[in-house]
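I opened my notebook to get to know a new structure. Here is what I looked up, entry by entry.

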Amino acid sequence: MSNPAYVQEYNAIVEVMNKYNEGLAKADSAIMKPAFSEKASMFSVDGNSKLTGEPVQQGLFDVVDSKFRPSPEAKAVFAFIDIVGTAASVRIDTNDLSGFCFTDFFHLLKVEGKWTVVSKIFYTHVAA
């Protein structure tokens, strides 16, 4: 992490992902939308162990705006950020968000000088 270019990229990714976290905390997709590509998708495994996927607009933004009610005590932490050239992966763990915990995996690409989320994969489980 001593490489100044790496630190700059790392900080830029944290800034992008903080918009996601802020949008969740305020239940406002308008805050998080700039972090995502218009073509971004999100994926999960349903209760029958089947892979499901949909556009992030439908699977995340519409849900956040219509029925998402975050818990004020919820905490989100960056578990890791991996950067390889113009690609990056980020894991965010969120604890006790309205009784649920999330592990989100984001894939980002740096396009025209800007880090952008192109996919989100998540796992949800009941808070302990």
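Accessible areas in this notebook come from the Shrake-Rupley method with a 1.4 Å probe, and for residues only the protein chains shown count as cover. With that settled, I looked up the surface: the protein exposes about 7600 Å², and carbon and sulfur atoms supply 56% of this area.

**Ground rules.** This is a predicted model, where local features need pLDDT of at least 70, side-chain atom pairs count only at pLDDT 80 or more, and totals for chains, interfaces and linings use all residues. Residues are numbered from 1 along each chain as its sequence is written, and side-chain values use heavy atoms, with hydrogens and water left out.

**Confidence.** I checked pLDDT, the predictor's confidence in each residue, from 0 to 100. The protein averages 88, and 95% of the residues score at least 70. Confidence is lowest in helix 3 (residues 56–67), at a mean of 86, and highest in helix 2 (residues 29–32), at 94.

**Overall build.** I counted elements as DSSP runs numbered from the N terminus: helices are H or I with at least four residues, strands are E with at least two. The protein has three helices and six strands, and from the N terminus on they run α-α-β-β-α-β-β-β-β. The radius of gyration is 15 Å, close to the 14 Å that the globule rule gives for 128 residues, so the protein is as compact as a globular protein of that length. (The radius is taken over C-alpha atoms, and the rule is 2.2 Å times the number of residues to the power 0.38.) The C-alpha atoms fill a box of roughly 40 × 30 × 30 Å along the principal axes.

**Inside and across.** Buried means under 20% relative accessible area, exposed over 50%, and partly exposed in between (1.4 Å probe, protein chains only). I found that 34% of the 128 residues count as buried. A contact means heavy atoms within 4.5 Å. Of the contacts with a separation of 6 or more, 48% are between residues 24 or more positions apart. I also looked at Pro70, in the loop between helix 3 and strand 3 (75–84). The C-alpha atoms of Pro70 and Ala27 are separated by 6.7 Å, though the two are 43 residues apart along the chain.

**Salt bridges.** How many salt bridges does the structure hold? I noted five, each being a side-chain nitrogen of Lys or Arg within 4 Å of a carboxyl oxygen of Asp or Glu.

- Glu22 pairs with Lys19, their closest N and O atoms being 3.5 Å apart. Both lie in helix 1 (residues 4–26), three residues apart, about one turn of the helix. Lys19, Glu22 and Lys26 are linked in a network of salt bridges.
- Asp93 meets Arg91 at 3.0 Å, N to O. Asp93 is partly exposed at 21% relative accessibility, and Arg91 is partly exposed at 28%.
- Asp104 pairs with Lys120, with 3.1 Å between the closest N and O atoms. Asp104 lies in strand 5 and Lys120 in strand 6 (residues 114–126), so the pair ties together parts that are 16 residues apart in sequence. Asp104 and Lys120 are buried.

**A nonpolar patch.** Last, I looked at Leu109, Val111 and Val118, which make a nonpolar surface patch of about 210 Å². Patches are made of residues with over 30% relative accessible area and no salt bridge; like charges are joined within 9 Å, nonpolar side chains (Val, Leu, Ile, Met, Phe, Trp, Tyr) within 5 Å. Leu109 sits in strand 5 (residues 100–111) and is partly exposed, at 37%.
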